[in-house]
Amino acid sequence: MNSYVTHLESALDGTQFPAGQVHTVHQGRPLWVRYNLPAVRRAVTPDTFTSRPPSLWRYRELLPLPLDVEPVTLGEGMTPLLPCPRLGQALGLRRLFIKDESQLPSGSFKSRGMTMAVSMAKHLGLRRLAIPTAGNAGGALAAYGARAGMEVYVFMPQDTPIINQIEAHLAGARVFLVNGLITDCGRIVREGTAKLGWFDVSTLKEPYRLEGKKTMGLELAEQTEYRLPDVILYPTGGGTGLIGMWKAFTELRELGWLRSERLPRLVSCQSEGCAPIVRAFEKGERFAETFANAHTIASGLRVPAAVGDFMMLDAIRASGGCASAGREGRIVEWMRRGMSLEGISICPETAVCFDCLEQLITAGKIDADEEVVVFNTGAAQKYPEVISLNLPRIDKEHPVDYEALVL
Ligand SMILES: *Cc1c(COP(=O)(O)O)cnc(C)c1O
């Protein structure tokens, strides 16, 4: 057997599809990849994974790429789970951790999804890939596409962070700026698919980015010795991270590897400027309405409509968690606070999580004793336009007043 995948399955109605073929969506909605978990359990143990090199590819039996196929990889190392006592104290938490995804290739966790999606695309014989992106996904796809020698087409809103424009361009992708939102870019990619025969790598419109993101949950389980934390805060745009993590936990539970009965409560964090999932959660709905006039400087969260909305909302509710909106005006402050207290390069998306965390603690929904993990999905350095600086100057022609320099 060269992979443990048994089939794919519509997340909407359970319709099954054979593995080993190119797949997109079913009735416009995502597919799950399903594995023969009893066979995985016979083949490996948690120790098998731990004994392998520290990369997301160590979880090979729980991934879709056949075991005898070389992945398209840039060396995705496991990301550290960093204790944050100073930030924790500021928030009133005894056990706060950041899982720092900013250390991945391309400076964001989008690399997890793209190493998987591009590996599978190459394996299935696809040559030309296209993506609508809020920023980091385009940069990551361009990099992995270059690694695989493929053609990549990237469509981004015209106000996407400049670093994302540059990284995709440097990686040899054809990059286009669109005077709209990611949903407008998505329509252009969809319509072009028929004409140019490219493959649409949009969030959840192919099944494998989700499997890559799943490794965040597998790593977190391994790093907590299969106990998992009480609460996870996750900045939510298209939702692959949240859904993928939940998929990891349920697969591990089915494997019988988890040491705690309860799974973590998932908190989906969005900016108040674009919070479709928070709205749907609060209204008790399973599908989210498009969020009108979406705006936020946390560009990865600027997703007014997501095809996986119901998968996010199902996971949040099954976990006993919630969806929460962070204040737009606090983003920069939380970036600085997180970074200055712990030295971790906090992206604006994760800054939103800290504002949500503070609100949930105040509201009594998260307890001081609970173990809380916040995912830092990207590096602050990718967002220079978010920060305006006015640093003090020193004139080399004049004597320096050193007393005045003290912090
Ligand atoms: C894409 C992105 C998100 C949102 O991730 P999803 O898994 O698509 O919900 C959050 N943070 C950053 C930095 C991103 O690039």
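The lining of the largest pocket comprises 14 nonpolar, 18 polar and six charged residues (Ala, Val, Leu, Ile, Met, Phe, Trp, Tyr, Cys and Pro count as nonpolar, Asp, Glu, Lys and Arg as charged, and the others, Gly among them, as polar). The model is predicted, with local features requiring pLDDT of at least 70 and side-chain atom pairs pLDDT 80 or more, while totals for chains, interfaces and linings use all residues. Residues are numbered from 1 along each chain as its sequence is written, and side-chain values use heavy atoms, without hydrogens and water.

This largest pocket holds about 610 Å³ of space, and of its 38 lining residues, Ile182, Thr203, Gly237, Gly238 and Val303 are the closest to its centre. A pocket here is an open set of points on a 1 Å grid over the protein atoms alone, where a 1.4 Å probe fits, with protein on both sides within 12 Å along at least five of seven lines, and lining residues have an atom within 4 Å of a point. The volume is the space filled by probe spheres set on the points, which are joined across faces, edges and corners. Among the elements that each supply at least two lining residues are α5 (136-148), α8 (208-223) and β10 (231-235), but α7 gives the most, with four; helices (H or I, at least four residues) and strands (E, at least two) are DSSP runs, numbered from the N terminus.

Helix α8 also meets α4 (residues 110-123), their axes coming within 7 Å and crossing at roughly 135°.

How values were computed. Axes fitted to C-alpha atoms, helices over the stretch in contact; angles between N-to-C directions.
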